[in-house]
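Visitor: I would like to see how the labels on a model follow from their criteria. Please show me the structure.

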Amino acid sequence: MKQPIFRKYKILLLIISGVVSALPLVIDELGFVQWLSIVPMALVLVDISKDGESKLRRIYLLGLLFFESYFLVVFHWFLSMYPLEFTGISKPAAIVVVAVAWIGLSMLESVVYALVFVAFALISRSKLMQREIVWSFIVPTVAAALWTVFEWIQTLFWWGVPWGRLCLGQTNAPLLLGSASVFGSYFVTFIIVLVNFLFACAILSKGMREKIYVACALGAFCLNLTIGLVVTATNKEVDRTLRVAAIQGNNPNSEGWTDQSFEKVMDTHERLTKKAANDGAELVLWSETAFPYTFHKTPDLSDRVSLLAQQTGVTILVSAFTESGDGDKLYVSLIEVKPDGTFGEVEYSKQRLVPFGEFVPMRELVVMLIPPLAELKTLENDLVAGSESTVLPTDVARIGAGICYDSIFEEEMRGAVSNGAELLVISTNDSWFGDSAALRMHNSQSVLRSIELGRYVVRSANTGISSIIAPNGRILQSLPPSVDGYVIDDVHLNTHNTLYALIGNAFVYVCLAFLVSLIIADIIKNVISIRADRKR
């Protein structure tokens, strides 16, 4: 294989590659660049992995550089949250919090992802890969499998924030995400990384092997596109429809909360709900904690919503705080208010809480090291997470719910579909993001969920973006940020399951099994080699 001619520019290549690969997540029109943007990183990684003189520590630091560049772009929107007026902390403290959140979270994600570089180098240098023909045709798959597995790992722990999934850069091209309904969104990430590494190997090769790499890269891209086309062409929807509306009250947290605020916000929601009902809405969704009260202990809220439901004759889904039976646990929940004014017996409680926003992990350590970060939490006491993907058995449909942070974790929403949800609703409060790119980035997560699970998604966001999304990922209706109003449309109450809804993240497990099998095969090869040496 030819040596890269830009070896001395590897630092610059890694930074550029990381930044450009993240840009499509921020600017969705740039999604096409991801199919080539990782090539510079791949050139560097393949080169240093083949170079036995490069120490693993150095390789890890290079991985840290690439992924830190990537995540600094992904999480750049933290800057727009300054001065964090809704928390009540001082401006100097807000500077510390924003800096720690932006740089610290990027680093936290990067220290894990950088292990992709180390693992890739170790596998590339294993005895199993000593034969050139084996190394050449397995190494791109190894890279894609490693990235996929580490992307999935970020969903397993509280510190993992799968906000920066590579495949999210493709939400402007739903056909390229269609395969997510078959193998999950991780499959799209796998294909993107695979294509980039195949092109990188083509650059580092010559003759027939170069052409084979290019052909394989184009073949992988076409395979993913073909799956998307087939899924779209064969998608069938049930005849049963429901007219739904999502209210966007546009009451930012920065304005604070008073008795006057309650009347203002309630008047807005009543007005918009009545207008939506006049437009034929049968189900109306309100945003996450549009009213920051304990629902069943606040008659001014519960009675007003009950009366509104009776006046309009629609089912209203309200997000508010609820308490456990003994009152020692506080949840963020979605509550059904029926057209007759009664409340549904089943409520959904948010399963994924926002670290430092709704609870403080490792509180004692955080208070000791970064006190302002502990003050960022907007509630006096930590919230408690719900334990299951509850389906709301309303009179109009079986509804699977997600609240805010839930929507970026596929298993929570998949659990609702497995439990019989015909429609997915997401109630969120994104006013913390101001008017930053984070609003669109969060909405893109709902696009992934709709494709993966073959369900319409109705999304109500306090200050935007509220939207209604079809199962093919097409946004049917959306409302821009910082305006009040509502989105409304007819949605199909689908009951069939996509393959992904049935098998879940099986593709990730295949990738993991592939990597483990390589490690086991290398161990066996080493054992055989040692025994052979002893016999000599």
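This is a predicted model: local features need pLDDT of at least 70, side-chain atom pairs count only at pLDDT 80 or more; totals for chains, interfaces and linings use all residues.

Visitor: Why are β6 and β11 called edge strands?

Guide: The open sheet has six strands in the order β6-β7-β8-β9-β10-β11, with mixed pairing. Both β6 (391-393) and β11 (475-479) pair on one side only. From one strand to the next, the twist averages 20°.

Visitor: How do you know that α15 is largely enclosed by the rest of the structure?

Guide: Buried means under 20% relative accessible area. Seven of the nine residues of α15 are buried, so the helix counts as largely enclosed. Those residues are E410, E412, M413, R414, G415, A416 and V417.

Visitor: What covers the buried residues of α15?

Guide: The cover includes α9 (185-203), β6, β7, β8, α16 (438-453) and α17 (499-503). Helix α15 (residues 410-418) lies across β6, β7 and β8, at about 145° to β8. After α15 comes G420, with a positive phi near 105°.

Visitor: How do you know that the span of α4 agrees with its number of residues?

Guide: At 1.5 Å a residue, the 19 residues of α4 (residues 56-74) should span 27 Å. The end C-alpha atoms are 27 Å apart, so the two values agree. Among the buried residues of α4 are I59, L62, F66 and V73.

Note on methods. Residues are numbered from 1 along each chain as its sequence is written. Side-chain values use heavy atoms; hydrogens and water are left out. Helices (H or I, at least four residues) and strands (E, at least two) are DSSP runs, numbered from the N terminus. The expected span of a helix is 1.5 Å times one less than its number of residues. Buried means under 20% relative accessible area, exposed over 50%, partly exposed in between (1.4 Å probe, protein chains only). Two strands pair if DSSP finds at least two bridges between them. Axes are lines fitted to C-alpha atoms, for helices over the stretch in contact, and angles run from 0 to 180 degrees between N-to-C directions. Contact means heavy atoms within 4.5 Å.
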